[in-house]
Structure formats: structure tokens, C-alpha cells
Amino acid sequence: MADNRKVGVLGGGQLGRMLIEAANRLNIQVNILDAAASPAKQISAHNGHIEGSFKDAAAVKQLAQCSDVVTVEIEHVDTQMLEEVAGQVVVEPSWKTLRIIKDKYAQKHYLKEHGVDVADSIDLEGKGSKGLKEVGVTYGFPFMLKSKTEAYDGKGNFVVNGEQDFEGALKTLGSRPLYAERWAEFRMELAVMVVKTKDGVLTFPTVETVHEDSICKLTYAPPRNVSEKTAQRAQDLAKKAIGAFEGKGVFGVEMFLLKDDTLLVNEIAPRPHNSGHYTIEACPISQYDAHLRAILDIPIPQAGLRLREPAIMLNILGGKTPDSHVKVANEALATTTASVHLYGKGDARPGRKMGHLTITAPTLAAAEREIQPLIDFVDNQKGKPLGPRTESKEEPLVAVIMGSDSDLPVLKAGLQILEKLEIPFTTRITSAHRTPDWLREFSKAASDTSLRVIIGAAGGAAHLPGMCASWTTLPVIGLPVKATHMDGWDSLVSMTQMPRGEPVATVGINNSTNAALLAVRILGAENKVIRERLRVWMEGNEKEVLRKDKALLEEGWESYLQTMGK
């Protein structure tokens with residue numbers, strides 16, 4: 001594409017580095033304001049970069065003069081200077097947004113004013129230990145003591161468990177402007193990358209983030225054990241939060257999923273974010289591509305922000321030795337399919353973000369199995385003792401439901417096929433007539449789980465697969481079972497005579513093999529690994545038939561019949 005506009009970026013760390021990688025593919029020049037050897041400048045050779053501090057007013061003005069759009073890779077910038085240069089150059093997101101977000105107490109207050117659910121907070125600036133006592137009375141213990149500004153990766157946070165912590169808390173944070181936050185009893189931390197464009201607000205998928213020492217260690221896309229409805233609620237909340245701010249670009253929205261399944265926004269980053277690194281490999285358009293497109297008014301289709309396949313991102317943090325990150329990268333390259341990103345920061349220091357790696361796989365469980373040895377390796381580099389290993393269990397893709405356990409012998413052949421082709425499945429008993437409420441509950445919830453196909457086996461009136469199909473959007477395969485009367489024809493006819501709008505794909509009577517293979521083909525339509533397993537299996541069938549044909553031809557029909565015991 002031809003775009004001669006230049007993008008100025010305040011800050012040249014790893015986020016700026018990955019922004020440049022995306023810009024280079026679009027022939028967009030990015031001018032970085034930061035130190036000479038900053039990670040972003042290392043991979044971009046032109047004379048538009050500016051050496052200096054992104055907090056220096058004169059340097060910001062110089063960057064504005066040589067750029068068409070100015071953006072940030074860190075929010076702790078001089079917003080006063082950005083306000084001044086906004087008349088000469090486009091600033092995205094707005095300096096007003098940056099000013100609000102960089103003050104975390106002001107950010108929470110602003111969100112609350114706009115109807116966005118956040119944790120309750122109290123201003124403590126200048127109140128000292130007396131203010132901490134008031135918070136203890138109001139919120140109880142524990143509560144979070146936080147610095148309003150210059151806080152990131154846990155720096156500027158202090159957990160106050162009781163009055164005995166007051167002295168240590170004030171000693172650690174007392175020189176900063178402070179506020180207190182009610183403790184959030186969360187079961188999981190989620191994050192959503194939001195893209196604000198001239199035309200509206202888009203979102204990447206919801207992800208789960210796992211923190212260690214207040215630094216994001218892992219990102220799971222999609223989140224584990226979170227329903228699609230909850231994931232969508234998280235996206236809706238993130239869109240509502242970012243819709244309240246001025247300006248365009250990518251925003252990271254971190255939130256808590258509480259034990260009662262409610263959501264609270266924790267923090268907002270007005271820039272690409274650690275929790276969105278996975279998008280480079282896992283989505284058609286990465287968060288860095290999206291940020292550039294948004295601030296330059298280049299079209300972004302929502303479909304480009306979808307998850308191609310499950311992904312896990314692991315941060316490579318500095319360990320005990322200066323080369324710990326290099327060891328992790330080498331291990332990943334030698335033993336996994338991980339995409340490795342190193343940030344060019346020189347020697348590692350404990351806890352310093354030195355890089356990240358991402359593994360994608362057809363299922364999240366498969367990605368977990370591949371990444372677990374790397375998690376152990378990273379922990380070992382940090383001197384952390386390894387805990388007990390737990391095997392990640394494949395989430396079922398196929399549900400095989402039956403009206404009675406008497407149907408299980410018929411299902412045996414099909415279940416063996418699923419096992420042979422390594423398809424994770426679950427088997428359940430749920431009668432359309434004896435347990436209709438349970439069938440309804442199972443069917444309605446199925447699409448919010450890992451399941452992709454349902455096989456329903458039933459005899460007699462055989463209403464099981466039809467009723468299931470009326471309550472789920474997943475494909476349902478009907479397996480008629482031969483009962484005592486009518487040789488299964490009643491079941492076959494019942495399943496094939498579904499009313500319009502409620503399809504059930506029905507196989508032959510007692511033919512669980514075909515039911516299983518049809519389920520595998522449905523899965524294989526979007527999963528190349530499964531499709532390849534099926535191809536190999538089918539090739540084996542062909543070889544077996546050809547072997548029998550050869551034996552029949554060579555031995556003659558009478559001898560061949562004898563070998564069959566007939």
C-alpha cells in the first residue's frame with residue numbers, strides 16, 4: 001500500500017518494537033522518541049528517530065514536527081506537552097484520555113461515572129495512617145493500597161492485610177499520591193484488547209491472564225472454563241469502557257471475573273498490551289496492526305480480529321543469570337513449535353520482560369501440553385521449585401448421549417473409532433422421556449463448552465436426538481438403535497422425520513461406526529490434524545480391502561471361504 005504518513009511513538013520498548021514490525025509490512029515509517037539503543041530503534045534504520053526522553057517537552061515537540069500522527073507505547077508521558085502539540089499534529093488516543101488513564105484513581109472514578117463496573121475506591125492523598133484506618137473500617141481487610149501514578153507490573157501496589165501492615169505500606173508507597181481499593185474476590189483475571197476506530201469500537205476475543213508477582217506470566221486464548229456467554233459479557237464490558245474515552249487506537253482492558261460470575265474492570269492501558277501479544281500468531285490482524293490501522297483510519301474488519309485457533313502466550317522474564325532468556329528461547333526453538341520473540345534488551349534481570357513466546361494448536365489442551373515443559377523450564381531459570389505436574393486433559397469435542405445404558409453395546413464400535421482417531425469425547429445417559437429436564441439442561445449448555453458435535457443414540461420412539469437438536473446449535477447425529485419390536489425401523493423413521501428447521505443427520509440402524517466417522521468429518525472440516533488422521537485411517541481401509549482381494553484371487557474362493565471359517 002502507499003501511505004506516506006509518518007507515525008511518531010513516545011517510547012521505544014518492546015511494544016514499539018512490535019509496532020514497527022507491523023508498520024514495516026505496510027511501508028509506514030515509525031519515528032521513535034527514546035534512548036539511542038532502545039529495542040524499537042534496533043530494528044528500524046532511518047533518520048526520523050529522536051534521541052531523548054518521552055517525558056521531555058522539547059523532545060515531544062520535535063517528534064510532533066516530524067510526524068503526522070503521534071501515539072504512545074507507555075501512558076506515563078507528559079500530557080501537558082501533548083495537549084500543546086495537539087494543535088499541530090494528530091494525537092491518538094486523545095491527550096485527554098491519556099491524562100485520565102495515567103492517574104489510576106481518576107481512571108476508576110471516570111469509568112464509574114460512565115456506568116462501568118469497577119472496584120470501590122477511596123482517595124487517600126495526604127491522609128497517612130489515619131486514612132488507612134478509615135479504609136480498614138469501611139472496606140475491611142485485606143484491601144489494596146495503590147499509587148495513582150507511575151504504577152505498572154505491581155510496582156505501586158501494596159496488599160494491606162491488617163493494621164500491622166500500615167507502617168510497611170506507607171514506607172513503601174508513602175511518597176506517592178495514594179488511593180485504596182476494596183479487595184476483589186476474583187476467581188480469574190480476564191482481558192480484552194479493544195480497537196477504537198473512526199467508525200466504532202471492535203474487540204479481540206476475551207483471554208485469561210495468569211499473573212505471578214503481579215506480572216502477567218501466561219495468557220490463554222480462549223480462557224479456560226469460561227462460558228461463551230461470560231466471554232461475550234467481558235467483550236461488551238470492555239467496549240462500554242473504551243467507548244467512554246476520546247481517541248482512536250488499541251486499548252487493553254484488564255478485568256476480574258468474580259466468584260459470583262460478575263465482572264469488574266481492573267485497569268485500562270491506552271495502547272497495545274501484554275495480554276494481546278498472542279494476536280500476532282493467533283489472529284489474522286494483530287493488536288499492533290490494528291493500532292496502526294485505527295490511528296491512520298485504515299479499514300479493520302471485525303473478522304480480522306477473530307481467533308484462528310487456540311493459543312497460549314508465555315512471558316519470558318529475567319531469571320537468575322544474565323542469559324536466562326536466551327536459554328528459554330533456545331529450549332523453545334529446540335523442543336516446541338513456539339513462535340519466539342526476544343526484545344533486544346541485553347542482559348536479563350530478575351522479573352524483567354525479556355521476550356515472550358506463543359504456541360498455537362487445534363485445541364487449548366494440546367497447546368497446554370506443549371507449553372508445560374517450557375513453563376517448567378522458565379520456572380527453573382528463576383530458581384523456582386517445580387510443583388507436581390498435572391496432565392492437562394483434552395476437553396471433549398464429541399458428546400455421545402444415549403437414552404439407556406442398554407444402548408452402550410451398539411455404541412462400542414463407534415467409541416472405538418473415536419479413540420483410534422484420538423477424538424476426545426464424553427458419554428452420557430439422558431432419556432428424552434425419563435429425564436427431559438436433564439436433557440434440556442445438557443443440550444442448552446453444550447454450545448458453551450468445548451463440544452462441537454453430539455451423537456444421540458436411541459431406540460423405540462427415539463426422540464432423544466431430535467429434542468437435543470431443538471435446544472442446541474451444534475450438529476446432532478442420530479443413531480437409531482434396534483429395539484425389541486420393529487427391528488429399529490421405528491427409530492430410523494422417527495429420526496429422519498424431523499420438522500423443517502430442526503435437522504438431525506441420521507445414520508443406519510445400529511451403525512455407530514458411521515455416526516462416529518460423520519462426527520470426525522464434521523470436526524475435520526476446520527481441523528487439519530483431525531482430517532489427516534481420518535485420511536490415514538481411510539487409507540488403511542483401502543489397503544485392507546486390496547489385501548483381501550489379492551488373497552481371494554490367489555487362493556480361490558473355496559480356500560478363501562475356509563480361512564473365513566465358513
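The crossing of helices α14 and α15 is right-handed; a crossing counts as right-handed if the near helix is turned clockwise from the far one by less than a right angle, and as left-handed if anticlockwise. The structure is a predicted model, in which local features need pLDDT of at least 70, side-chain atom pairs count only at pLDDT 80 or more, and totals for chains, interfaces and linings use all residues. Residues are numbered from 1 along each chain as its sequence is written, and side-chain values use heavy atoms, with hydrogens and water left out.

**Whole chain**

- The chain has 19 helices and 22 strands, which are DSSP runs numbered from the N terminus (helices: H or I, at least four residues; strands: E, at least two).
- The C-alpha trace spans about 95 × 55 × 50 Å along its principal axes.
- Of the 566 residues, 51% are buried (buried is under 20% relative accessible area, exposed is over 50%, and partly exposed is in between, with a 1.4 Å probe and protein chains only).
- Among contacts between residues at least 6 apart in sequence, 63% join residues at least 24 apart; contact means heavy atoms within 4.5 Å.

**Helices α14 and α15**

- Two packed helices are described by the angle between their axes and the distance between the axes.
- Helix α14 (residues 436-446) packs against helix α15 (residues 464-471) at about 45°, and the axes are 8 Å apart; axes are lines fitted to C-alpha atoms, for helices over the stretch in contact, and angles run from 0 to 180 degrees between N-to-C directions.
- That angle makes α14 oblique to α15 (under 35 degrees is roughly parallel, over 145 roughly antiparallel, 65 to 115 roughly perpendicular, and the rest oblique).
- On the α14 side, Pro436, Leu439, Arg440, Ser443 and Lys444 meet Leu464, Met467, Cys468 and Trp471 of α15.
- This contact of α14 with α15 has six nonpolar, one polar and two charged residues (nonpolar: Ala, Val, Leu, Ile, Met, Phe, Trp, Tyr, Cys and Pro; charged: Asp, Glu, Lys and Arg; polar: the others, Gly among them).

**The five-stranded sheet**

- Five strands form an open sheet in the order β19-β18-β20-β21-β22, with parallel pairing; two strands pair if DSSP finds at least two bridges between them.
- β19 (425-429) and β22 (505-506) are at the edges with a single partner strand each, so one side of each has no neighbour in the sheet.
- Strands β18 (residues 398-402) and β20 (residues 453-459) run parallel and are joined by five bridges.
- Ala399 is opposite Ile454 in β20.
- Helix α17 (residues 512-524) packs on the sheet and touches β18, β20, β21 (476-481) and β22, its direction making about 165° with that of β20.

**Helices α17 and α18**

- The axes of α17 and helix α18 (residues 528-555) cross at roughly 140° and come within 8 Å.
- The two helices α17 and α18 are therefore oblique to each other, and their crossing is left-handed.
- Leu517, Val520, Arg521, Leu523 and Gly524 in α17 meet Ile530, Arg531, Leu534, Trp537 and Met538 in α18.
- By class, the contact of α17 with α18 has seven nonpolar, one polar and two charged residues.

**Backbone details**

- Glu92 and Pro93 are joined by a cis peptide bond with omega of about -5°, and Pro93 lies in the loop between β5 (90-91) and α4 (95-102).
- The bond from Ala221 to Pro222 is also cis, with omega near 0°.
- Glu422, which is not a glycine, has a positive phi of about 60°; Glu422 is exposed, with a relative accessible area of 55%.
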